[in-house]
Amino acid sequence: MSDNQSRRNGFLIFLWLLVAFLGGFSIALRWNPHRLSRSGNEQLEKMSEVMRYIEDYYVDSVNIDSIYGLAINAMLQGLDPHSTYSTPEDNKTMMETLEGSFEGIGIQFNIMNDTLMVVSVISGGPSEKAGLMAGDRMIEVDGKSIIGIKNEQAFKLLRGKKGSKVKVGILRPGFKEKYTYEITRGVIPTYTVDVAYMIDNKTGYIKLNEFGSTTAKEFTNAILKLKRQGMTDLIVDLRSNGGGFLDAAVSVCDEFLPNKQKIVSIEGSKTRPEIIYASRNGNFETGKVAILIDDFSASASEIVAGAIQDNDRGIVVGRRSFGKGLVQRQFDLSDKSSIRLTTSRYHTPSGRCIQRDYVNGTEAYYEDLYKRLLNGEMESADSIHLDSTKVYHTLKGRTVYGGGGIMPDYFVPIDRGEDLNAYYDIANSSALIQFAFHYANEHKSTLQKQYSDAKSYVAGMTVTDQMLQQLVNYYEKNNNKKVSKMSANSSKELKIWLKALIGRNLYGDEAFYPVVNKTDKVILKALEEMK
């Protein structure tokens with residue numbers, strides 16, 4: 001078996017993706033070999049024979065345990081993209097993460113075509129602060145190529161003690177240049193609500209980064225806080241939210257839907273069908289609701305968006321979601337390793353299957369995100385193929401389509417802007433993040449004296465032309481090249497992000513999101529349609 005074949009067969013959806021994309025049930029069961037058919041036993045014996053020949057005669061020394069792991073994972077990956085195998089070490093790491101002791105750079109990723117792809121950056125984590133983005137492809141760590149890296153190696157390279165540093169080189173879709181970021185490792189935040197604030201005198205905004213064990217409580221507290229401030233309408237931002245626990249998604253839906261209204265159904269050929277309904281009086285069952293989604297909104301995010309859309313409870317705004325609707329159950333093996341096996345599928349209240357097609361294999365399944373960009377699906381709703389054979393209807397009779405993912409009621413194309421070369425030069429480097437950090441530290445006492453809290457900072461702070469020029473100088477000095485000609489649009493964008501990033505360093509996300517959201521076209525569209 002060649003190295004490329006080994007890597008291909010050993011393609012393992014990384015552990016972080018389990019937390020973000022593989023929401024579902026975790027039930028420990030023992031495998032019973034006596035349940036195998038005669039044919040199954042014969043195939044197991046054949047595998048043992050092959051392993052014995054490899055161990056006794058292969059030209060180089062091999063770790064037979066790792067080969068078994070590759071074989072198990074290749075078998076699972078042949079079923080679907082989300083059935084996975086976890087070694088005892090993987091499981092130990094996952095438990096550390098769930099217990100809140102995880103230290104590292106704060107990204108969710110998988111290995112695709114021998115390359116580490118960033119699925120999402122954890123809000124408030126070290127990678128976001130350094131400038132990494134969802135969709136980035138990491139090709140270097142500390143100056144060394146990581147093409148062909150395996151997940152165990154990625155763990156060792158990227159995890160580390162709080163305060164330690166690592167330099168990563170990435171390629172970003174749509175740009176030819178390689179970008180280098182220095183990331184200071186830290187404790188990864190465990191909260192799931194990034195921010196909750198009033199966008200205007202009646203509209204609240206809640207940014208939810210994942211669906212975790214604390215989401216139900218956090219989300220309820222956020223709604224109650226905003227209602228006390230006069231909220232009558234609500235925007236829930238699920239963009240780049242890869243999912244998480246089913247129970248958390250149900251709890252969020254339960255805040256909006258009346259008692260006994262359908263939220264989601266779960267069906268599988270070997271599992272008992274289950275329909276989950278709203279089961280209590282929610283805290284926001286009457287006001288207007290808008291759910292924001294994009295290509296990286298998956299699993300639990302799609303359950304929420306589908307339930308709101310199919311029940312005509314609110315509107316869905318943004319771009320087509322990821323399309324992950326397979327349910328996994330965890331089965332623990334005797335050596336403390338485990339498999340997460342797909343046992344059923346999620347369906348929205350109208351009957352749509354959330355899961356998109358994966359007949360062409362796992363690599364093609366994840367490459368589909370890039371094909372959407374290349375095919376123009378992120379720029380025009382007309383470029384999106386809707387399956388006319390899978391027509392469903394909402395509670396009030398509106399037409400919606402199956403075939404995978406949630407198509408928003410109001411499509412907003414990816415915002416490319418015009419004449420933004422200077423903005424991209426600086427924003428795609430680490431200069432913007434680093435300059436904002438240094439500026440906030442150097443002027444902290446002055447700024448906090450002038451602006452006593454996040455609200456006054458957002459309302460009163462202005463980035464001057466002089467500050468912008470300082471940023472340009474910082475970029476040119478640290479990158480040894482000139483920035484592109486500064487257009488009015490680039491100047492506007494850089495001033496917005498510089499203000500937001502300085503505010504985050506001073507007052508956290510309460511001084512970040514209110515700044516960048518003012519010009520966010522998806523949010524502006526949601527506000528327009530809600531009115």
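Modeller: Let's start with Arg-172: its charged end sits over the ring of Tyr-179, 5.7 Å from the ring centre. "Over" here means that NZ of Lys or CZ of Arg is within 6 Å of the ring centre and within 35 degrees of the ring normal. Arg-356 does likewise with Phe-322, its charged end lying 4.4 Å from the centre of that ring.

A quick word on the ground rules. This is a predicted model, so local features need pLDDT of at least 70 and side-chain atom pairs count only at pLDDT 80 or more, while totals for chains, interfaces and linings use all residues. Residues are numbered from 1 along each chain as its sequence is written, and side-chain values use heavy atoms, with hydrogens and water left out.

Now for rings against rings: there are 17 aromatic pairs in the structure. One of them is Phe-435 with Tyr-439, a tilted pair at 6.0 Å centre to centre and 35 degrees between the planes. (Rings of Phe, Tyr and Trp, the last by its six-membered ring, pair if their centres lie within 6.5 Å; planes under 30 degrees apart are stacked, over 60 edge-to-face, and the rest tilted.) Phe-435 and Tyr-439 are four residues apart in helix 13 (residues 431–442), so about one helical turn separates them. Helices (H or I, at least four residues) and strands (E, at least two) are DSSP runs, numbered from the N terminus. Phe-435 is buried at 8% relative accessible area, and Tyr-439 is buried too, at 12%. Buried means under 20%, exposed over 50%, and partly exposed in between, using a 1.4 Å probe and protein chains only.

Tyr-451 and Tyr-457 give you another geometry: with ring centres 5.8 Å apart and planes at 85 degrees, the pair counts as edge-to-face. Both of these tyrosines are buried. Elsewhere, ring pairs tie Tyr-197, Tyr-205, Trp-497, Phe-512 and Tyr-513 together into a cluster.

As for the backbone, Lys-260 isn't a glycine, yet has a positive phi of about 75 degrees. You'll find Lys-260 in the loop between helix 9 (246–256) and strand 13 (262–268), exposed at a relative accessible area of 68%. Asn-480, also not a glycine, has a positive phi of about 55 degrees. Asn-480 falls in the loop between helix 16 (465–479) and helix 17 (488–507), and is exposed, with a relative accessible area of 70%.
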